[in-house]
Every structure is written in structure tokens, then in C-alpha cells.
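Biologist: I have a structure here and want to go through it with you. Can you put it up?
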Amino acid sequence: MTLSGRVVASHGRHVVVEDNEGKRRICHPRGKKNQAVVGDLVQWLASEDEGSIESIDPRRNLFYRQDDIRTKSFAANLDQVLVLVAAEPEFSQSQVARALIAAEQAGIRSLIALNKQDLTQAFDKAWIRLEPYRAFGTQVLALGLRNHEDDLAQLRQALHHKTTLVLGPSGAGKSTLINRLVPQANASTNIISKALHSGKHTTTSTTWYWVDEEKTTALLDSPGFQEFGLNHIAPSDLASCMPDIKTHSDHCKFYNCTHVHEPDCGVRQALSEGLIDAGRHKIYVDLFAEMSAPKNY
Ligand SMILES: Nc1nc2c(ncn2[C@@H]2O[C@H](COP(=O)(O)OP(=O)(O)O)[C@@H](O)[C@H]2O)c(=O)[nH]1
Ligand SMILES: [Mg+2]
Ligand SMILES: [Zn+2]
């Protein structure tokens with residue numbers, strides 16, 4: 001008889017499943033298909049200390065990121081994506097945009113947090129760079145993760161009772177955030193590394209952490225943020241994944257307007273009137289070109 005469980009880490013095709021008692025063990029996929037990802041609820045079968053995945057329960061959603069042609073990583077059944085950036089190192093607007101587009105395409109809410117409030121000058125500059133996101137309704141939190149006086153109440157409230165995938169460039173403070181909110185994070189990582197027989201947890205793609213003992217709030221840490229590919233999205237769907245572009249795309253003359261060069265384009269009109277941020281339109285145009293380029297694989 002199969003048991004239900006949740007995928008809490010993955011390593012290649014092998015995953016770590018947490019059972020209903022909280023015990024974690026490595027499970028192997030049965031067959032080539034049915035690739036389970038972190039966040040999946042699965043039916044599994046025990047065999048001694050390990051197990052096999054028999055089936056994957058229907059998913060609420062599936063978040064994709066494609067780092068290059070080969071490496072795809074996913075997480076399933078998310079409530080939201082938290083894009084964590086910092087005053088320093090300076091974040092890439094394009095990377096932030098990509099993460100939000102991937103979330104929007106998957107039907108997942110996203111929010112942004114800007115860390116390192118103590119670096120006041122750089123922080124103020126970065127805060128202004130996030131203005132276009134606030135303008136179309138994205139929640140942006142100010143954080144000082146290294147300031148232990150701060151109880152992070154606003155952040156805790158935003159995460160409460162939710163499953164949140166944390167994404168951000170190296171150096172933004174992802175590990176600091178996990179360690180602040182998940183006191184037993186290191187122990188949890190060690191159990192996962194042991195189950196996967198891998199010395200370093202850095203080879204794990206995504207890891208699930210429980211924030212509270214009641215297991216109602218979860219954080220997923222996903223290392224790496226570079227080369228955030230969006231090859232799974234059709235260029236014609238891009239505008240609908242960028243709320244500030246989408247708002248102005250209803251009044252284009254051509255139903256299949258790409259908002260790049262056409263006359264009587266609502267988006268380009270809004271751009272010329274300053275209603276769309278020029279940097280955001282540039283990101284749209286660049287991404288549209290990237291997605292439209294012939295794929296050589
Ligand atoms: N100045 C400052 N540094 C911070 C803050 N939070 C984290 N850091 C530092 O930023 C560096 C990168 O943090 P880390 O959590 O490893 O980032 P990750 O690469 O996203 O996991 C570390 O040296 C942290 O101590 C903060 O609020 N202020
Ligand atoms: Mg880290
Ligand atoms: Zn248009």
C-alpha cells in the first residue's frame with residue numbers, strides 16, 4: 001500500500017520525501033516519466049530505508065526556470081515567489097523581471113524584498129530602481145536581515161501560513177533569511193544531504209524548510225539565479241506576463257501586435273507618454289527578441 005508524502009529536496013532524478021510523521025528518506029522514481037519536483041505531494045512505497053515514487057498528486061501550479069538548455073528546475077504547489085535582492089551587490093533588473101514573469105506565467109503571486117537596509121546610500125538607490133514594480137502593485141519589503149534587533153515582523157506576516165519559494169542572486173541574503181526564520185535549517189540540510197548521500201548540499205536544486213512546528217509555513221530555498229531562462233514561454237504570451245505592459249496592450253491596432261515596432265500600438269503610445277517605464281519596455285523588447293530567436297536544440 002502506498003503512503004502519501006511531500007518532496008522536500010531533489011538531486012538529479014532522486015528526491016527526498018517527508019512522510020506524515022516527518023521522517024525524510026530518499027525515494028527513486030519508478031520509470032522514466034513522472035519526474036517529481038520539490039513541493040510535490042506523492043504516493044510512495046517503502047523498501048527498507050528508501051522508497052519509490054508511485055505517483056504524483058495533481059499539482060496546483062508548477063514554477064519553471066530554465067538555466068540553460070539542459071538544466072531545468074521546478075517547484076510545485078507554491079503560494080508565492082519571494083524575489084530577494086539587496087542594496088549590494090547591485091541587482092539585475094532583467095533577472096528580477098524574469099523571475100516575476102515566470103511566476104506570473106505559472107499563476108503564482110510574487111513579492112520582492114530588498115535587503116541590507118543598513119547600507120543606506122546603496123539601499124535608497126536600489127529602492128528607487130524597484131519603483132516600476134511597486135507602481136504595478138508588487139509588494140516590496142525593506143529588510144535588514146543582519147540586524148538581529150529587527151524581529152522581521154513584516155516579512156513573517158507576508159510568509160505566514162504560506163509556501164514561499166525564495167529566489168535571488170548570490171549575496172542577496174537567502175541563506176541569512178533561511179537561518180533567521182528556520183532555526184533548525186542546518187540540521188534539516190544535513191538530514192537531506194545524508195539521505196542523498198551527497199556531501200555538499202549545494203548540489204541539491206531546491207530545499208523545503210518548515211518555518212513553524214505546526215508545519216503551516218514553508219520556505220523553499222533555490223540556489224542560483226543567473227541565466228534565468230524563459231524558453232517555456234511563447235513570445236506572444238510575454239506581454240500578458242508583465243502587468244505594466246499588459247495594461248496598455250488592449251488598444252493596439254493589430255490583434256497580434258508585438259509592441260516592438262507596430263504603428264498605433266497602445267504600449268508604445270503609453271511608453272511615449274511616460275506611462276510605462278522605459279527600462280521595463282526595454283526588458284520586454286529584449287526578452288521578446290530572445291524568445292523569438294530560433295532555438296538551436
Ligand atoms: N550589510 C548587510 N549584510 C548582510 C545583510 N544580510 C546578509 N548580509 C551579508 O550578505 C552576505 C551574503 O549573504 P548570504 O545569506 O550568504 O546570501 P545568499 O548568497 O543569497 O545566500 C553575507 O556576508 C551576509 O552576512 C544585511 O542586512 N546587511
Ligand atoms: Mg546562500
Ligand atoms: Zn502593441
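Modeller: Before the layout, one note: the domain bounds come from an automatic or database domain assignment. The model itself is predicted.

Biologist: Fine. Which domains is the chain divided into?
Modeller: Domain 1 covers 3-56, domain 2 covers 62-221 and domain 3 covers 235-292.

Biologist: What separates the centres of domain 1 and domain 2?
Modeller: Taken over C-alpha atoms, the two centres are 24 Å apart.

Biologist: And how many residues are in contact there, domain 1 against domain 2?
Modeller: On the domain 1 side 18 residues are in contact, with 21 residues of domain 2. The area buried between domain 1 and domain 2 is about 1,500 Å², and carbon and sulfur atoms give 60% of that area.

Biologist: Which three residues of domain 1 supply more of its buried area than any other three?
Modeller: His-11, Arg-24 and Val-38, which supply 35% of the area that domain 1 buries against domain 2.

Biologist: How many salt bridges across that interface?
Modeller: The rule finds 1 salt bridge across the interface of domain 1 and domain 2. In a salt bridge between Glu-18 and Lys-215, the side chains meet at 3.2 Å, N to O.

Biologist: How many residue pairs in polar contact?
Modeller: 5 across the interface of domain 1 and domain 2, with both residues at pLDDT 80 or more.

Biologist: Which elements of domain 1 give two or more residues to the side that touches domain 2?
Modeller: Those are β1 (3-11), β2 (14-19) and β3 (24-29). The largest share, 6 residues, comes from β1. By class, that side of domain 1 has 8 nonpolar, 5 polar and 5 charged residues.

Biologist: Change of topic. How many aromatic pairs?
Modeller: The count comes to 5 aromatic pairs by this rule. One of them is Tyr-64 with Phe-74: the ring centres are 5.1 Å apart and the planes stand at 70 degrees, so the pair is edge-to-face.

Biologist: Where do Tyr-64 and Phe-74 lie?
Modeller: Tyr-64 lies in strand β6 (residues 62-66) and Phe-74 in strand β7 (residues 72-76), so the pair ties together parts that are 10 residues apart in sequence.

Biologist: Backbone next. Where is the cis peptide bond?
Modeller: Between Glu-88 and Pro-89, with omega about -10 degrees. Pro-89 is in the loop between β8 (80-86) and α1 (93-105). Most peptide bonds are trans.

Biologist: What about Glu-48 and its phi?
Modeller: Glu-48 is not a glycine, yet its phi is positive, about 55 degrees. Glu-48 is placed in the loop between β4 (41-47) and β5 (50-56).

How values were computed. Residues numbered from 1 in each chain as written. Chains lettered and ligands numbered in written order. Heavy atoms only, no water. Contact = heavy atoms within 4.5 Å. Buried area = accessible area lost by both parts, 1.4 Å probe. Salt bridge = Lys/Arg side-chain N within 4 Å of Asp/Glu carboxyl O. Polar contact = N/O pair within 3.5 Å; in protein donor to acceptor, adjacent residues only side chain to side chain. Helix = DSSP H or I, 4+ residues; strand = E, 2+ residues; numbered from the N terminus. Nonpolar A, V, L, I, M, F, W, Y, C, P; charged D, E, K, R; others polar. Phe/Tyr/Trp six-rings, centres within 6.5 Å; stacked < 30°, edge-to-face > 60°.
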